[in-house]
Amino acid sequence: MSKYQNHIISNPEILLGKPVIQGTRISVEFILKKLSEGATFENLAKQHKLSHEEIYAVLDYASARLADR
């Protein structure tokens with residue numbers, strides 16, 4: 001499993017700087033919300049053309065941000 005830095009970016013020109021999966025306009029917030037609503041990795045990967053590694057990167061990013069507090 002790779003670190004989130006390889007998959008998550010924040011650019012003020014993309015979704016007002018919200019963290020997104022690199023190469024997409026899919027936000028970390030969106031993926032976390034979908035997971036909290038019961039979406040599976042398989043569903044997210046298929047519906048949004050994501051890899052499991054990218055979804056794990058979202059979780060890694062969220063964990064790192066919470067640890068910073």
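Biologist: Quick one to start: is V28 buried or exposed?

Modeller: V28 is buried, with a relative accessible area of 4%. Buried stands for under 20% relative accessible area, exposed for over 50%, and partly exposed for anything in between, using a 1.4 Å probe on protein chains only. Bear in mind that this is a predicted model, where local features need pLDDT of at least 70 and side-chain atom pairs count only at pLDDT 80 or more, while totals for chains, interfaces and linings use all residues. Residues are numbered from 1 along each chain as its sequence is written, and side-chain values use heavy atoms, with hydrogens and water left out.

Biologist: Good to know. Where is V28 found?

Modeller: V28 belongs to helix 1. Helices (H or I, at least four residues) and strands (E, at least two) are DSSP runs, numbered from the N terminus.

Biologist: And what is V28 in contact with?

Modeller: Setting aside neighbours within four places in sequence, V28 has contacts with I8, P19, V20, V58 and Y61. Contact here means heavy atoms within 4.5 Å.

Biologist: What about S27, buried or exposed?

Modeller: S27 is buried, at a relative accessible area of 8%. S27 sits in the loop between strand 2 (19-21) and helix 1. Apart from neighbours within four places in sequence, S27 contacts L15, P19 and V20.

Biologist: Let's zoom out. What pattern does the protein chain follow along the sequence?

Modeller: Read along the sequence, the protein chain goes β-β-α-α-α, which comes to three helices and two strands.

Biologist: How compact is the protein chain?

Modeller: The protein chain is as compact as a globular protein of its length, because its radius of gyration of 11 Å is close to the 11 Å that the globule rule gives for 69 residues. That radius is taken over C-alpha atoms, and the rule is 2.2 Å times the number of residues to the power 0.38. The C-alpha trace spans about 30 × 25 × 20 Å along its principal axes, and 32% of the 69 residues are buried.

Biologist: Now the inside. Which residues have the most contacts in the largest nonpolar core?

Modeller: The largest nonpolar core has 15 residues, and those with the most contacts inside it are Y4, I8, I21, I31, L50, I55 and V58. A nonpolar core is a set of buried Ala, Val, Leu, Ile, Met, Phe, Trp, Tyr and Cys residues joined through side-chain atoms within 4.5 Å. Helix 1 (28-36), helix 2 (41-48) and helix 3 (52-67) are the elements that give two or more residues to this core. Helix 3 gives the most, with five residues.

Biologist: What does L50 touch?

Modeller: Not counting residues up to four places away in sequence, L50 touches I21, I26, I31, L44, A45 and I55.

Biologist: Back to the helices. How do the axes of helix 1 and helix 3 cross?

Modeller: The two axes come within 10 Å and cross at roughly 100°. Axes are lines fitted to C-alpha atoms, for helices over the stretch in contact, and angles run from 0 to 180 degrees between N-to-C directions. Helix 1 and helix 3 are therefore roughly perpendicular to each other. Angles from 65 to 115 degrees get that label, with under 35 being roughly parallel, over 145 roughly antiparallel and the rest oblique.

Biologist: Which residues make the contact of helix 1 with helix 3?

Modeller: Helix 1 brings V28, I31, L32 and L35, and helix 3 brings I55, V58, L59, Y61 and A62. By class, that contact has nine nonpolar, no polar and no charged residues. Ala, Val, Leu, Ile, Met, Phe, Trp, Tyr, Cys and Pro count as nonpolar, Asp, Glu, Lys and Arg as charged, and the others, Gly among them, as polar.

Biologist: What does L32 come to in relative accessible area?

Modeller: L32 has 30%, so L32 is partly exposed. Beyond neighbours within four places in sequence, L32 contacts V58, L59 and A62.

Biologist: Last topic, the backbone. What is phi of L16?

Modeller: Phi of L16 is near 55°, a positive value in a residue other than glycine. L16 lies in the loop between strand 1 (8-10) and strand 2, and L16 is exposed at 84% relative accessibility.

Biologist: And what is phi of K49?

Modeller: Phi of K49 is near 55°, again positive in a residue other than glycine. K49 is in the loop between helix 2 and helix 3 and is exposed, with a relative accessible area of 76%.
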